[in-house]
Amino acid sequence: MSSELTADCANCFALCCVALAFTRSADFAFDKGAADPCRNLEDDFRCGIHPDLRDRGMRGCTVFDCAGAGQKVSQHTYGGVSWRAEPAARGEMFAVFDIVRELHELLWYLTEAVEVAPGLAGEAGALLAETEAMTLLPGVDILAQDVSSHHARARDLLLRVSAEARSPAGPDHRGADLMGRSLRGADLDRASFRGAYLIGADLRGASLRRADLVGADLRDADLSGADLTGALFLTQAQVNAARGDAVTRLPVRLARPAHW
């Protein structure tokens, strides 16, 4: 997977720490409004409690992943000029960041689509190039894009990619409520979990090879010892939200979270 789709916080103006809102909860120790800098943000755009985020009640920060959108908006779209240096641009910059985050998620999926579905590689590659071109536009032009219709085209293509990559298909759990469900040791190879709720599910030792996990909610799902080799459309944020261990097998494009 391209390094451009990996978050590089050192080259970002801490956009996620300012543009996004969060509410006091099990994931965040306090409320923060959209466009308000986090109280832990320092003058150099670094987090003052980064090594201790989970211990300080900021687990949500360790789950979030922008898939490289932050550094692109900071360094490419706005040429290294931050929202602090140019306060008049902050509203536009934060709105652009929201859109580019969505587009980078599509880039992640489409990059994988080219690799896993040879029969659709040409179509996926064309949409990948179109999506990348959208992210390289000036900020005002990014805001003018019809992202909803672009997403709809991508969803249709990714469904077909999933069908090809998982053939013959496994169990269909699309949109299923599997919260807290025991699936320990289950054979879930080539299953579809598109948009499924797997919050707190027990997936210890389960086999999810080639399973479609796009949009699946894996918060606190236990993936200890699970095999996700070749799992489709799994993102770093989903993995970060789950629990796992040293023997959980992940797709090569994903990093093992430090808290596992």
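User: Why is Asp220 called partly exposed?

Analyst: Asp220 has a relative accessible area of 28%. Residues are called buried under 20%, exposed over 50%, and partly exposed in between, using a 1.4 Å probe and protein chains only. The value of 28% falls in between, so Asp220 is classed as partly exposed. The model is predicted: local features require pLDDT of at least 70 and side-chain atom pairs pLDDT 80 or more, whereas totals for chains, interfaces and linings use all residues. Residues are numbered from 1 along each chain as its sequence is written, and side-chain values use heavy atoms, without hydrogens and water.

User: What makes the pairing of Asp220 and Arg59 a salt bridge?

Analyst: The N to O distance between the two side chains is 3.2 Å. A salt bridge requires a side-chain nitrogen of Lys or Arg within 4 Å of a carboxyl oxygen of Asp or Glu, so this pair qualifies. Asp220 lies in the loop between α6 (147–165) and α7 (236–241) and Arg59 in helix α1 (residues 59–63), so the pair ties together parts that are 161 residues apart in sequence. Helices here are DSSP runs of H or I with at least four residues, strands are runs of E with at least two, and both are numbered from the N terminus. Arg59, at 23% relative accessibility, is partly exposed.

User: Which side chain does Asp227 meet in a salt bridge, and why is Asp227 called buried?

Analyst: Asp227 meets Arg209 at 3.0 Å, N to O. The two residues are 18 residues apart, each in the loop between α6 and α7. Asp227 has 13% relative accessibility and therefore counts as buried, whereas Arg209, at 33%, is partly exposed.

User: What makes Ala221 a buried residue, and what is it in contact with?

Analyst: Its relative accessibility is 0%, so Ala221 counts as buried. Ala221 lies in the loop between α6 and α7. Contact means heavy atoms within 4.5 Å; leaving aside neighbours within four places in sequence, Ala221 is in contact with residues including Leu198, Gly200, Ala242 and Arg243.

User: Is Thr135 buried or exposed, and what does its side chain reach?

Analyst: Thr135 has 0% relative accessibility and is therefore buried. Thr135 is found in helix α4 (residues 121–135). Its side chain reaches the backbone oxygen of Glu132 at 2.7 Å. A polar contact is a pair of N or O atoms within 3.5 Å; within protein, one must be able to donate a hydrogen and the other to accept it, and residues adjacent in sequence count only if both atoms are side-chain atoms. Beyond neighbours within four places in sequence, Thr135 is in contact with residues including Lys72, His76, Leu103 and Ile142.

User: What makes a set of residues a nonpolar core, and which members touch the most others in the largest one?

Analyst: A nonpolar core is a set of buried Ala, Val, Leu, Ile, Met, Phe, Trp, Tyr and Cys residues joined through side-chain atoms within 4.5 Å. The largest has 71 residues, and Leu15, Trp83, Phe193 and Leu228 touch the most other members. Helices α2 (69–77), α3 (90–116), α4 and α6 each supply at least two residues of this core, and α3 gives the most, with 14 residues. Apart from this core lies another, of seven residues, among them Phe28, Cys38, Ile49 and Met58.
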